[in-house]
Amino acid sequence: MNSAKPAYTAATVTGATENEEAAAGANILIGATNGAPVITEKMVADLAPDALIMDAGKGCFFPEAVQRANELGLTVLRVDIRAGFEGQVAMLLETERIIKTTTGRREIEGIRIVSGGLLGGAGEIVVDNVHRPTSIYGVADGRGDFVRSLEPKQARDVGVIRRYIEKMSADAPGAAKG
């Protein structure tokens with residue numbers, strides 16, 4: 001860690017093989033076990049006066065250690081995983097919305113379009129929303145990528161879908177009429 005710190009950092013990282021030795025005079029003490037208490041009352045008592053203590057696992061403290069930290073007025077933190085849960089829930093809700101509102105296949109004027117994370121078949125036109133397309137991403141190669149150089153029929157098909165999108169945009173409520 002010392003070799004990776006910024007050049008003008010005055011502090012140095014030191015290691016120890018015994019927990020109590022490592023805690024003596026430390027400014028930060030982090031426990032990272034899963035249900036096994038390792039932070040003792042002695043370790044807390046030997047910390048620097050304004051030390052910060054964190055339980056980055058679960059149940060890293062012996063009860064006496066927490067009591068001692070409180071008596072000394074030390075800040076004791078525990079990792080809060082709510083943000084992770086909230087992010088997971090938001091991701092699941094957005095995935096559900098995408099599947100329900102944008103994913104699918106259909107034909108427009110005999111041309112197959114696909115969207116929403118489905119693997120496009122060779123020649124299908126990949127759009128942002130199969131139900132109400134507003135953007136064309138490309139022509140699927142059938143293997144999970146896009147065709148890099150369009151054949152004449154593919155270029156014509158893209159043009160048909162582009163005109164369809166332009167017409168739908170012009171006909172949409174609130175669209176500017178020329």
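1. Let's begin with helix H5, which has 20 residues and reaches 29 Å from its first C-alpha to its last, close to the 28 Å expected at 1.5 Å a residue. Please keep in mind as you read that this is a predicted model.

2. Which residues of H5 are buried? They are Gln 154, Asp 157, Val 158, Gly 159, Val 160, Ile 161, Tyr 164 and Ile 165. These buried residues pack against four strands: E4 (104–108), E5 (111–115), E6 (125–127) and E7 (136–139).

3. Gln 154 deserves a visit of its own. This residue is found in H5, which covers residues 152–171. Gln 154 counts as buried because its relative accessibility is 14%, and buried means under 20%. Its side chain reaches the backbone nitrogen of Glu 151 at 2.9 Å. If residues up to four places away in sequence are not counted, Gln 154 touches Gly 123, Val 139, Val 147 and Ser 149.

4. In soluble globular proteins, nonpolar side chains tend to be buried together. Here the largest nonpolar core has 14 residues, and those touching the most other members are Leu 29, Ile 39, Val 44, Leu 47, Ile 53 and Leu 74. Helix H2 (41–45) and helix H3 (63–71) each supply at least two residues of this core. Apart from it lies another core, of 12 residues, including Ile 125, Val 130, Ile 161 and Tyr 164.

5. With neighbours within four places in sequence left aside, Leu 74 is in contact with Val 44, Leu 47, Ala 48, Pro 49, Asp 50, Ala 51, Ile 53 and Ala 69.

6. Along the chain, Glu 41 and Arg 68 are 27 residues apart, yet their C-alpha atoms are separated by 6.1 Å. Leaving aside neighbours within four places in sequence, the contacts of Glu 41 are Glu 64, Ala 65 and Arg 68.

Technical notes. Residues are numbered from 1 along each chain as its sequence is written. This is a predicted model: local features need pLDDT of at least 70, side-chain atom pairs count only at pLDDT 80 or more; totals for chains, interfaces and linings use all residues. Side-chain values use heavy atoms; hydrogens and water are left out. Buried means under 20% relative accessible area, exposed over 50%, partly exposed in between (1.4 Å probe, protein chains only). A polar contact is a pair of N or O atoms within 3.5 Å; within protein, one must be able to donate a hydrogen and the other to accept it, and residues adjacent in sequence count only if both atoms are side-chain atoms. Contact means heavy atoms within 4.5 Å. A nonpolar core is a set of buried Ala, Val, Leu, Ile, Met, Phe, Trp, Tyr and Cys residues joined through side-chain atoms within 4.5 Å. The expected span of a helix is 1.5 Å times one less than its number of residues.
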